[in-house]
2 protein chains.
Amino acid sequence: MTPVAVNIENCINHKNSVFKSLSNEEKKILSETHSAHTYKKGELIFKEGDKPTGLISLLEGKVKIFKEGVGGREQIIRMAKPHGFIGYRALFADENYAASAVCIEDSSVCVIEKNTLFKILKENSSITLHIMKLMASELGFSNNRTVSLTQKHIRGRLAESLLFLKDTYGMEEDNITLKIYLSREDIASLSNMTTSNAIRTLSAFASEKVIALDGRKIKIYDIKKLERISELG
Amino acid sequence: MTPVAVNIENCINHKNSVFKSLSNEEKKILSETHSAHTYKKGELIFKEGDKPTGLISLLEGKVKIFKEGVGGREQIIRMAKPHGFIGYRALFADENYAASAVCIEDSSVCVIEKNTLFKILKENSSITLHIMKLMASELGFSNNRTVSLTQKHIRGRLAESLLFLKDTYGMEEDNITLKIYLSREDIASLSNMTTSNAIRTLSAFASEKVIALDGRKIKIYDIKKLERISELG
DNA sequence: ATATAAATATGCTTAAAAACATACAAATGT
DNA sequence: ACATTTGTATGTTTTTAAGCATATTTATAT
């Protein structure tokens, strides 16, 4: 991880921050009640059942959000990227976390304390509506996934996951290598299949020249075909 | 359907309405810009791709919200009941509808025009936060369902659906008959299975004395066992 | 009242994916 | 440097649920 000072500034003044429009007065309040944390790859940020203490903003790194299902089987429901929120659903639903968050890479976050947040939201309806829009988009995403994961076949689900990872994290400078390095097990948890089937189907895609595999590095050769496989089911 | 005058009063002053705390001035604005509609069983309120014009509140009846998946296969993602909102996700995400809404029974709705709604929300952050909480709960529900529908076996999925219908619509006066009458096809779309398998598995539950079937009427005899089947997967 | 269509029911076959088994490679800790 | 664990790969078997076929019952339309 590039060592970046974990600072509330990175959280509230970044171009993608929903808080950048706040008054200096309000920003001061935010900066006085925030906390910051760093995590190593594999570390837990929160787990199912924990009580949210504030709004977590991911500053650096990559995080998977997943639920434990039947027999402890993991289902990844979301992947977070820098300057996105983590665990905000539970916070706004006033519930305990219904999912766990684990870092895929070394990561840093800042946390805006719950009461301060709601005080500021009460005074700034446009920010509240903005966060509401984020949540509405995520609900649409979740509904889409429910249908994809239940109706598409293994190849379709895996193709969709690869396209999703591309959309979320983008490509390396070569414009062909996915800018995220997941274990086969995580790819499986994302795509609702067993690890064996993830490995098998990745191999199949590779031998069809749709992708190329080099350890955890995935190169996408034929994105059109991947889209067709995903559409087809 | 019991003939009830479709009136904005039923929408904004009902005990479950998020708008009941508004000032008389604001209520007046709402009532001047609302519209009301009635639908017969089977009729469409909106369909995937339509543009939302306002916030729809269901006054009477029952509505299924579903998406078309692979090969037109239907997946019910939500069931609405009186005094709940319909289609609010698309409205707040500023997207076209990603799902369709069809009445399961004769229904009536009132619609609060979009611009009026947002004007009022900007002035009433506690209502916005309230709606946000609703949406956060629904997102939690959607995530849960993603896991259930993908990981549970047919019996577990059907059991979960029956319990969900009980929680959503409750029981008839006898306290044993589900207060909703769905086709086997709709039960299948709700539970992510083929109609054949829904029929087969309902029959199995009936012969195990967990439920009793009488046409579309479903009596739940052994709710504990149903819960066990649902938990088990 | 009768024809037609739609919904329900059940058996049989096939396809898809999980489960299991085993081998091998890579990473990690001592 | 070596042992141990974890992750990747691939073949085989078994289970699950879809797909298909065909009655039978119930609604709906004429």
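At roughly what angle do the axes of helix α6 and helix α7 of chain A cross? Before selecting them, note that this is a predicted model, in which local features need pLDDT of at least 70 and side-chain atom pairs count only at pLDDT 80 or more, while totals for chains, interfaces and linings use all residues. Residues are numbered from 1 along each chain as its sequence is written, chains are lettered from A in the order in which they are written, and side-chain values use heavy atoms, with hydrogens and water left out.

**First stop: two helices in chain A**

Select residues 154-169 and 184-191 of chain A, which form α6 and α7, and look along their axes, which come within 9 Å and cross at roughly 105 degrees. The helices, like the strands further on, are DSSP runs numbered from the N terminus (H or I and at least four residues for helices, E and at least two for strands). The axes are lines fitted to C-alpha atoms, for helices over the stretch in contact, with angles running from 0 to 180 degrees between N-to-C directions. α6(A) and α7(A) are therefore roughly perpendicular to each other, a term that covers angles of 65 to 115 degrees. On the α6(A) side the contact (heavy atoms within 4.5 Å) is made by A:Arg157, A:Leu158, A:Ser161, A:Phe164 and A:Leu165, and on the α7(A) side by A:Ile187, A:Leu190 and A:Ser191.

**Second stop: helix α4 of chain B**

Now select residues 114-123 of chain B, the helix α4, where B:Thr116, B:Leu117, B:Ile120 and B:Leu121 are buried, meaning under 20% relative accessible area with a 1.4 Å probe and protein chains only, whereas exposed means over 50%. Seen down the axis of α4(B), these buried residues fall within an arc of 130 degrees, so they line one face of the helix; the arc is that of the directions from the helix axis to the C-beta atoms. Turn to the other side of α4(B) and B:Asn115, B:Lys119 and B:Glu123 are exposed. At the N-terminal end, B:Glu113 caps α4(B), with a side-chain oxygen 3.2 Å from the backbone nitrogen of B:Asn115.

Finally, select residues 74-80 of chain B, the strand β5, and pick out B:Gln75, which is buried with a relative accessible area of 1%. A polar atom of the side chain of B:Gln75 lies 2.9 Å from the backbone oxygen of B:Ser189.

Technical notes
Angles under 35 degrees count as roughly parallel, over 145 as roughly antiparallel, 65 to 115 as roughly perpendicular and the rest as oblique. A polar contact is a pair of N or O atoms within 3.5 Å; within protein, one must be able to donate a hydrogen and the other to accept it, and residues adjacent in sequence count only if both atoms are side-chain atoms.
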